[in-house]
Amino acid sequence: MAARQPGSSAVPPTPPLLGPGRAVAEGPRAAAHPGCEHCPDDALDDAELISARAALAQGRWQSARSLLLHTGEDWDRRGHRVTVLAHEPYAIAWAREWLLAEPGSAGAATLYALTLVRHALRGKEDPDRAREACHRAAALAPADPTPWLGLLMLARYLGTDDETRRIFGEVRGRHPEHHHAHHLMAARIAETETQGTYELCAFAERSAAAAPADSPLAVLPVVAYAERHRVLAATGRAPVDPAAAGHWEEPSARRALTAAFDWWLEWGIEEHPRRHVDLNHLAHATSGAGRYAEAAALFQRIGRHATPAPWSYPDRDPCEAFRAARERALGAS
C-alpha cells in the first residue's frame, strides 16, 4: 500500500469520528441468531479460554488463575485471554474476589483492571478508576503489556492523540509486535486523521515492514483500508458495501491485498491466538474485491469463527454480512 501525501486528491480526507475526551461505547455486537453457526464469539477457537470463561461465570476464578499462569509470557495470547475473560458479565465480581484472596497477584490485578476498562467504555465506571487499576496491575508485572493494553483501550476512545501514542509506545516497548494494540491504533488514526490517509497508511506500512517476516502484522495494511472504509461509510462519504464503493479498486489497495494474501499463503498464522481476526479481514477484503477463489479458501480456513470486525463495519449485522459473503464466494469459486 503506497503511502499518500497529505492533501492527495486521489483519496478523500478521512472525516474525524472522535475528538479528545469523547466517550464511545463498545463496538457493535453480533445479533443473536438462534441456530446460527457463524455468530461471533470473542474467544474464537481457544478451548482452554472457553472453559475458563465458563468456570468464571460460575464463580470459579481458580480456572482463570490457572489459565493465565499457564499462558506465561505469550503476550498476544495473554492479552487476548484477559480481554475475553473481562467481558464475562460477572467477571468484575469474581476478579475482585480473586484479588482479595491474592492481593499481590498480577493476574488478578490485570483481570480486575480490564473489567473496569470494559465498564468505563460502557459508561458504567469512572475512567480514572479504571486507569488507576491498570497502573496498579502494571506495577505488579512491569514486563507485561496487558495492563497497558487496557490503558490503550481507554485512550483509543477517551484520550488525546499524545496520550494514545504514549501508551501505544509503552505496549510496543514490552512487545513490539502486539497484535491487538496495532489494530487499536489503526482504528484510532482512521477516526482522527483529517488530512487524507497519509498517517494511517504510513503507520500500517511501517509496522508491517518493521515486524519479522512471519508476523501477522503483514495484514495490518489491509486492516487499515477496512478502518478507512468504515469511517468513510459511517460519515456518509462512501457506500456501506465496500464493493459498491470501489474500495478495493485503487491500485494501492490491490497491492496491499495481494501482498497480505501472498504472505498468508507463505507463512500462514496457525499458531497466533488472534489469527481469525486477520483471516476475517482477508476474507472480507478478497470478497469485496471480487476475488472469490481466494475468499473461498479463506472462508474454508475460518470455518465457524467469524469475527465482529470487519463484518460489522460500519453498522451492519456481522453474522448476516459474513454469511452473505461466504455464500457468494463459495458459490462463485
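A: One term to begin with: buried means under 20% relative accessible area, exposed means over 50%, and partly exposed is in between, with a 1.4 Å probe and protein chains only. At 5% relative accessibility, L44 counts as buried.

Q: What kind of model is this, and what are the ground rules?
A: This is a predicted model, in which local features need pLDDT of at least 70, side-chain atom pairs count only at pLDDT 80 or more, and totals for chains, interfaces and linings use all residues. Residues are numbered from 1 along each chain as its sequence is written, and side-chain values use heavy atoms, with hydrogens and water left out.

Q: Back to L44. Where does L44 lie?
A: In the segment before α1 (47-57). L44 is not a glycine, yet it has a positive phi of about 60°. Most residues other than glycine have a negative phi, and most peptide bonds are trans.

Q: Which residues are joined by a cis peptide bond?
A: A309 and P310 are joined by one, with omega about 5°. Y313 and P314 are joined by another, with omega about -10°.

Q: Where do P310 and P314 lie?
A: P310 is in helix α15, while P314 sits in the loop between α15 and α16.

Q: How many helices and strands are there in the protein?
A: 16 helices and 0 strands. Both are DSSP runs numbered from the N terminus: helices are H or I with at least four residues, strands are E with at least two.

Q: And how many of the residues count as buried?
A: 54% of the 333 residues. As for contacts, meaning heavy atoms within 4.5 Å, take those between residues at least 6 apart in sequence: 69% of them join residues at least 24 apart.

Q: Helix packing next. At what angle do α14 and α16 pack?
A: About 120°, with the axes of α14 (residues 292-302) and α16 (residues 318-332) 8 Å apart. That makes the two helices oblique. Angles under 35 degrees count as roughly parallel, over 145 as roughly antiparallel, 65 to 115 as roughly perpendicular, and the rest as oblique. The axes are lines fitted to C-alpha atoms, for helices over the stretch in contact, and the angles run from 0 to 180 degrees between N-to-C directions.

Q: Which hand is the crossing of α14 and α16?
A: Left-handed. A crossing is left-handed if the near helix is turned anticlockwise from the far one by less than a right angle, and right-handed if clockwise.

Q: Which residues make the contact?
A: From α14, Y292, A295, A296, F299, Q300 and I302; from α16, F322, A325, R326, R328, A329, L330 and A332. By class there are 10 nonpolar, 1 polar and 2 charged. Ala, Val, Leu, Ile, Met, Phe, Trp, Tyr, Cys and Pro count as nonpolar, Asp, Glu, Lys and Arg as charged, and the others, Gly among them, as polar.

Q: How do α10 and α11 pack?
A: Helix α10 (residues 198-210) and helix α11 (residues 220-234) pack at about 160°, their axes 8 Å apart. That makes α10 roughly antiparallel to α11, and the crossing is right-handed. L200, F203, A204, S207 and A208 of α10 meet L220, P221, A224 and R228 of α11. This contact has 7 nonpolar, 1 polar and 1 charged residues.

Q: Now the rings. How many aromatic pairs does the structure hold?
A: It holds 7. Rings of Phe, Tyr and Trp (its six-membered ring) pair if their centres lie within 6.5 Å; planes under 30 degrees apart count as stacked, over 60 as edge-to-face, and the rest as tilted. F261 and W264 form a tilted pair, 5.6 Å centre to centre with 50° between the planes. They are 3 residues apart in helix α12 (residues 251-267), so about one helical turn separates them. F261 and W264 are each buried.

Q: What about W311 and F322?
A: Their ring centres are 5.4 Å apart and the planes are at 90°, so that pair is edge-to-face. W311 lies in helix α15 (residues 308-311) and F322 in helix α16, so the pair ties together parts 11 residues apart in sequence. W311 and F322 are both buried. Together with F299, they form one aromatic cluster.
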